[in-house]
Amino acid sequence: MKEQKKNYTWLKILILIILLITGIILYSRFISTKGLTVKEYKITDSVITDNFHGFKIVHISDIHYGRTVNNKALLKIINEVNLLKPDIVVFTGDLIDKDTILTNTIINELKDNLSNIKVTVGKYAITGEDDANFNEWEIIMKDSGFQVLKDNYTLIYKEGYSPILLAGLSSNTNNPETLIERYQPIEQYLNSDEYLNNIYKILLIHEPDFIDNINYSYFNLILGGHSHNGQIHIPLFGAISTPTHSKKYYGEYYKMEQTHFYISGGLGTSDYSFRFCNKPSINFYRLTNK
């Protein structure tokens, strides 16, 4: 009789464990991948001129459209972005998931949603490694009003005064040996005129770990993606896995000497359609000089 009770107790424990694991899996797949968190950061730097004091930047990344983000989810994301009334929106790669079959319907859904992002100044984008699989990516972004920064830079003006420099590096997953070469035009421009040392400079990069391959000290602010900050977080332990090229830098923020490095937690999922203790998010930065 005692042995029977003991076996019954162990059976109950086993059932509870199975139910707990099943609950966590279902939560990670169907609940934790939904919703949206806005992470707001105040960035103060004396280099920021008065005309950019209060400048608002919304940073979106890693949508991986077609996996856990669909048309309905993207519409909600765009509505949230517009509520923040950004001056600029920057996108740091992986618009389309590598496993997505890109149809004309999906292309039109992406264009319609991204075109509805409202800004006072501009929208800017770089590729992620998944985007490199789709020749249509650049057309989608340009038709949606984004300027594609393909290993290049632009100057952003507000009220006609001193600009901010915004540079972008394409995804480097498939050609790591060429990063330094592709970075040269940006670095040459930064060295071409002394006055550029006195303006605020921002760099967009997809894979965070490649930051060590370039002279990041030129930039006041670097914005990255790719890592999702680790899709699966275990309390007290942190991220249990991160993608290749985000093994060293995968968290929300790093201070790199005088450079601030923020990495987006992303909006979609990659490789596996789960999130745990890490809701989809967008980053919202306010630039100030006080």
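Predicted model: local features only at pLDDT ≥ 70, side-chain atom pairs only at ≥ 80, totals over all residues.
Author: Welcome! Local features here need pLDDT of at least 70 and side-chain atom pairs count only at pLDDT 80 or more, while totals for chains, interfaces and linings use all residues. Residues are numbered from 1 along each chain as its sequence is written, and side-chain values use heavy atoms, with hydrogens and water left out.

Reader: Why is the pair Glu252 and Lys39 called a salt bridge?

Author: A salt bridge needs a side-chain nitrogen of Lys or Arg within 4 Å of a carboxyl oxygen of Asp or Glu. The closest N and O atoms of Glu252 and Lys39 are 3.2 Å apart, so the pair qualifies. Glu252 lies in the loop between strand S11 (238–239) and strand S12 (253–256) and Lys39 in strand S1 (residues 37–44), so the pair ties together parts 213 residues apart in sequence.

Reader: What makes Lys39 buried or exposed?

Author: Buried means under 20% relative accessible area, exposed over 50%, and partly exposed in between (1.4 Å probe, protein chains only). Lys39 has 14%, so Lys39 is buried. Glu252, at 39%, is partly exposed.

Reader: How do you know that Asp99 is exposed?

Author: Asp99 has 53% relative accessibility, so Asp99 counts as exposed. The side chain of Asp99 also meets that of Arg67 in a salt bridge, at 2.6 Å from N to O. Arg67, Asp97 and Asp99 are linked in a network of salt bridges.

Key. Helix = DSSP H or I, 4+ residues; strand = E, 2+ residues; numbered from the N terminus.
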